[in-house]
Amino acid sequence: MATIETQLRHAADLYRQGDSLKAEKAYRAILAHHPGQPEASHNLGALLARSGSHREAMPFLKAALEAAPGQARFWISCIDALIHLDQAEVARRLLEQGVQRGLRGPEVDALARRLGVVPGLAAGVPPGSSGPDMQHMLELLGQRRFAELEERARAWLDGHAADGLVWKMLAVACKHLGKDADALAAIEQAARHAPDDFEAHYNLGNARYETERFDLAEQSFRRAVELNPRHAESRSNLGQTLLKLGRTGDAEQQLRSALDLNPDLVVAQNNLGNLLSSWREYAKAEAHYRHALAREPGHRVGSHADAAV
């Protein structure tokens, strides 16, 4: 009888070959003989989630996480599924637990943004910050009390104008309060005072893109890519910005680089499909649209997809 490692490889190969149904059956067969096996549980859950069956996926993703909490991707998959199920508060709590256990990286940052949390803050008060004041602002952020956070952040910045982290929090607060101009000004200050913080430059790129300042958005996204070359969203958004600037060759390169890092990035799949379609490479475009639909069945492929924020 084949070892469990061989069975797992076989199931993974089936999925990579595009045979999701056979891959699902293979993972279910493994779990029938090895209930709760973490790798099989996770991969079956991830497969179901990619097909849009997030509710069915959750028990498998939770089982994997409980069995092997040291696996970062198990946390990421579980949080992502909760977001798709509109369980944002549960997802935020799980994200916080993961960060406290050392969960880090670009994918974690992307989840934090989707949940309205400033990436990197869930880990606690950064070194050199004033504990009680910073902790209170973190609590306001976590409780989504944005008006109070704005007031507290502005008071803090009156005496600590070079605190890039608090400028980032102020930007989040202003954005949620509908103060787009103030949010842009705050994130510009964050990037100025934290020149090596890729998050600040990524957020500034998004803000500049939204205000159609595409040349400046390009600069910000390029700086973000320079600081964090493996952040797929930065490359994807740089590619979309280059499309706006009419530089389709450079845009294709960045979109493909983004998908090399994260093939499930729907915005990049859709935009690369659009670009290929405009070049009349319809078969190649269809492959990208199909991948986007497999990840998000309700996605309007072929429609214009702006930068992911």
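Visitor: Where is E139 found?
Guide: This is a predicted model. In it, E139 is found in helix α8, which covers residues 131-142.

Visitor: New topic, the core. Which residues have the most contacts inside the largest one?
Guide: Those are Y27, M58, I79, L94, L95 and L115. The largest nonpolar core has 40 residues.

Visitor: Which elements give two or more residues to this core?
Guide: They are α1 (4-16), α2 (20-33), α3 (38-50), α4 (54-67), α5 (72-84), α6 (88-100) and α7 (106-114). The largest share comes from α5, with 8 residues.

Visitor: What does Y27 touch?
Guide: Leaving out residues up to four places away in sequence, Y27 touches L8, A11, A12, A40, N43, L44 and L47.

Visitor: What span should α6 have, and what does it have?
Guide: At 1.5 Å a residue, the 13 residues of α6 should span 18 Å. The end C-alpha atoms of α6 are 18 Å apart, so the two values agree.

Visitor: What follows α6?
Guide: G102 follows α6, and its phi is positive, near 100°.

Visitor: Now α12. How many of its residues are buried?
Guide: In α12, 11 of the 13 residues are buried, so by the under 20% cut-off this helix is mostly covered. The buried ones are F198, E199, A200, H201, Y202, L204, G205, N206, A207, R208 and Y209.

Visitor: How far does α12 reach?
Guide: Helix α12, residues 198-210, reaches 18 Å from its first C-alpha to its last. That is close to the 18 Å expected at 1.5 Å a residue.

Visitor: What happens at the start of α12?
Guide: There, a side-chain oxygen of D197 comes to within 2.9 Å of the backbone nitrogen of E199. Just after α12, E212 takes a positive phi of about 60°.

Visitor: What about E218, buried or exposed?
Guide: E218 is buried, because its relative accessible area is 12%, and the cut-off is under 20%. This residue is found in helix α13.

Visitor: What is E218 in contact with?
Guide: Neighbours within four places in sequence aside, E218 is in contact with L238, T241, L242, L245 and R247.

Visitor: Last one, P229. Where is its place?
Guide: P229 is in the loop between α13 (214-227) and α14 (232-244). With a relative accessible area of 44%, P229 is partly exposed.

Visitor: What does P229 touch?
Guide: Not counting residues up to four places away in sequence, P229 touches R235 and L261. P229 and S257 are 28 residues apart in sequence, and their C-alpha atoms are 9.7 Å apart in space.

Notes:
Residues numbered from 1 in each chain as written. Predicted model: local features only at pLDDT ≥ 70, side-chain atom pairs only at ≥ 80, totals over all residues. Heavy atoms only, no water. Helix = DSSP H or I, 4+ residues; strand = E, 2+ residues; numbered from the N terminus. Buried < 20%, exposed > 50% of the residue type's maximum accessible area, 1.4 Å probe, protein only. Contact = heavy atoms within 4.5 Å. Expected span 1.5 Å × (residues − 1). Polar contact = N/O pair within 3.5 Å; in protein donor to acceptor, adjacent residues only side chain to side chain. Core = buried A, V, L, I, M, F, W, Y, C linked by side-chain atoms within 4.5 Å.
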